[in-house]
Amino acid sequence: MQSKTQRPVFLDLRILTPRLPLVAIMSIMNRATGVLMFVSAPVLIYLLGVSLDGPAGYDRALVLLDGILTKLWLFALIWAVAHHMFAGIRFLLFDIDVGAELEQARKSALWVVVGGAVVAALALIGVML
Amino acid sequence: MSRQAAGLWAWFLQRITGAYIALFVVYLTGVFLFAAPADYAAWSGWVAAPWVTVTGMLFFLAVLLHAWIGVRDILIDYVHPTGLRLGALTGVALVLLGCGVWVTKILLLTVHS
């Protein structure tokens, strides 16, 4: 029994931190938006090809872009690009040792999430005006 | 590049391509916001301009490389059985190569024919 009490004790301190901190949410969103853009690439290339296939193709591309589902997808895509870009700028700044401290990194993660959402909202407002 | 430095190479490539993609996206956004081509002639003429074709080809090359490194990292993190992982990686590589050939054909043949 003596040896048992001398073993290192595992104190589960994970309970002190939020289960899914904002930095993690931002990071997961970076991956999710990346996957969304990867999946979207063939569709975008298809639309590019159609739009450049003579005047008739150009008109057909405009019709394809006009659907409500296409617009929802484009909205998600704009959000994805903005979020991914802000997250990327954050990573580039880390590489030159800007904002790599925990407290700053938490703040910049918030800015990435907010920035992406703001760009998406601006795009939505721009379309509706 | 030695096997040990492969990760460093990927890290470097991901940042270079990311920076180029970001610059090109800002340029594209500016064009579509302030000088959007109004009809087919303007649109195809813009794409066919040598400056746009060359920087556009570079953009798609950067996107394919960036997507490869990113999706590869995600697959390595979440897909563990070797066969499944190899299959998924092969599928992704084929999709990206196909996209590259396809967009090259569009930008070089369709527009400049």
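Select B:Gly18 first: this residue belongs to helix H1 of chain B, which covers residues 6-34. The model on the screen is a predicted one.

**At B:Gly18**

Is B:Gly18 buried or exposed? It counts as buried, because 23 C-beta neighbours lie inside 10 Å of B:Gly18, and a residue qualifies as buried at 20 or more.

Next, display A:Gly88 and B:His66 together with B:Gly18. When the neighbours within four places in sequence are left aside, B:Gly18 is in contact with these two residues, A:Gly88 and B:His66. One of these partners, A:Gly88, is in chain A, and the other, B:His66, is in chain B.

Now select B:Asp77 and draw a distance from its C-alpha atom to that of B:Gly18. The two atoms are separated by 21 Å, and the residues stand 59 residues apart along the chain.

**Across to chain A**

Move on to chain A and colour it by secondary structure. How many helices and strands does chain A have? There are 5 helices and 0 strands. Followed from the N terminus, the elements of chain A read α-α-α-α-α.

Then hide the side chains and view the C-alpha trace of chain A as a whole. Along its principal axes, this trace spans about 85 × 30 × 30 Å. The radius of gyration of chain A is 22 Å, whereas a compact globule of 129 residues would have one near 14 Å.

Finally, colour chain A by burial. Of its 129 residues, 19% are buried. Among the contacts in chain A with a separation of 6 or more, 73% join residues 24 or more positions apart.

Key:
Residues are numbered from 1 along each chain as its sequence is written. Chains are lettered from A and ligands numbered from 1 in the order in which they are written. This is a predicted model: local features need pLDDT of at least 70, side-chain atom pairs count only at pLDDT 80 or more; totals for chains, interfaces and linings use all residues. Helices (H or I, at least four residues) and strands (E, at least two) are DSSP runs, numbered from the N terminus. The radius of gyration is taken over C-alpha atoms; the globule rule is 2.2 Å times the number of residues to the power 0.38. A residue is buried if 20 or more other C-beta atoms lie within 10 Å of its own, exposed if 12 or fewer, and partly exposed in between; C-beta atoms are placed from the backbone. Two residues are in contact if their C-beta atoms, placed from the backbone, lie within 7 Å.
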